[in-house]
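Please open the model in your viewer and keep the sequence panel beside it, as this tour moves from the whole chain to single residues.

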Amino acid sequence: MYMEDAYRSAFYEIVESTEARTGYELPDHIKSYLVMLLSYQTDRPNFLPETSFAEMFLTASTPKQRKELGDTCLFVSGVFPYIGERRGINRSYYSDMGITSYEIVSDFWNPELFGSLARHFNFLSEFIEVAFETNY
């Protein structure tokens, strides 16, 4: 079994146990996306933008770059919700960029998925936070 497969299996179990504990049942396409996102980001030691979130937001010009920013914002706001507090940056900073990024992506790719990620970004971020608080 490859490490990525092991991560996927572990995160699938974490998402399912969080659903059971909270009583929220995520749609399959959202659950799959979260599992993929968490698996992918966990295996990346340098998941933060090379420059800054703001610069990445301002310079992202392709749907792929916007998706990467949305994914990073969702990961950071869920797994590390207080990461920017020392610099006076709150969670909504990452949420606003992630929502906007996913909205833009939904105009080009899979409108149902990326539109849902944009509309439910804050809930999904909090869902990830709960999953990590209770499992790590």
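What percentage of the 136 residues in the chain is buried? Buried residues make up 43% of them, where buried means under 20% relative accessible area, exposed over 50% and partly exposed in between, with a 1.4 Å probe and protein chains only. The model is a predicted one, in which local features need pLDDT of at least 70 and side-chain atom pairs count only at pLDDT 80 or more, while totals for chains, interfaces and linings use all residues. Residues are numbered from 1 along each chain as its sequence is written, and side-chain values use heavy atoms, with hydrogens and water left out.

Begin with the whole chain in cartoon view. The chain has seven helices and zero strands, these being DSSP runs numbered from the N terminus (helices H or I, at least four residues; strands E, at least two). The C-alpha atoms fill a box of roughly 40 × 35 × 30 Å along the principal axes. The radius of gyration, taken over C-alpha atoms, is 14 Å, which agrees with the value near 14 Å for a compact globule of 136 residues, the rule being 2.2 Å times the number of residues to the power 0.38. Of the contacts with a separation of 6 or more, 71% join residues 24 or more positions apart, contact meaning heavy atoms within 4.5 Å.

Next, select residues 28–42, which form helix H2. This helix has 15 residues and reaches 21 Å from its first C-alpha to its last, close to the 21 Å expected (1.5 Å times one less than its number of residues). Show its side chains and look for the buried ones, among them Ile 30, Tyr 33, Leu 34, Leu 37, Leu 38 and Gln 41; Lys 31 is also on the list of buried residues. In an α-helix there are 3.6 residues a turn, so residues three or four places apart point the same way.

Now move to helix H7, residues 121–135, and select Glu 129 within it. Glu 129 counts as buried because its relative accessibility is 11%. Leaving aside neighbours within four places in sequence, Glu 129 is in contact with Gly 78, Pro 81, Tyr 82 and Arg 91. Tyr 7 lies 122 residues away from Glu 129 along the chain, and their C-alpha atoms are separated by 17 Å.

Finally, select His 120, in the loop between helix H6 (111–119) and H7. With 42% relative accessibility, His 120 counts as partly exposed. A distance drawn from its C-alpha atom to that of Ser 92, 28 residues apart along the chain, comes to 13 Å.
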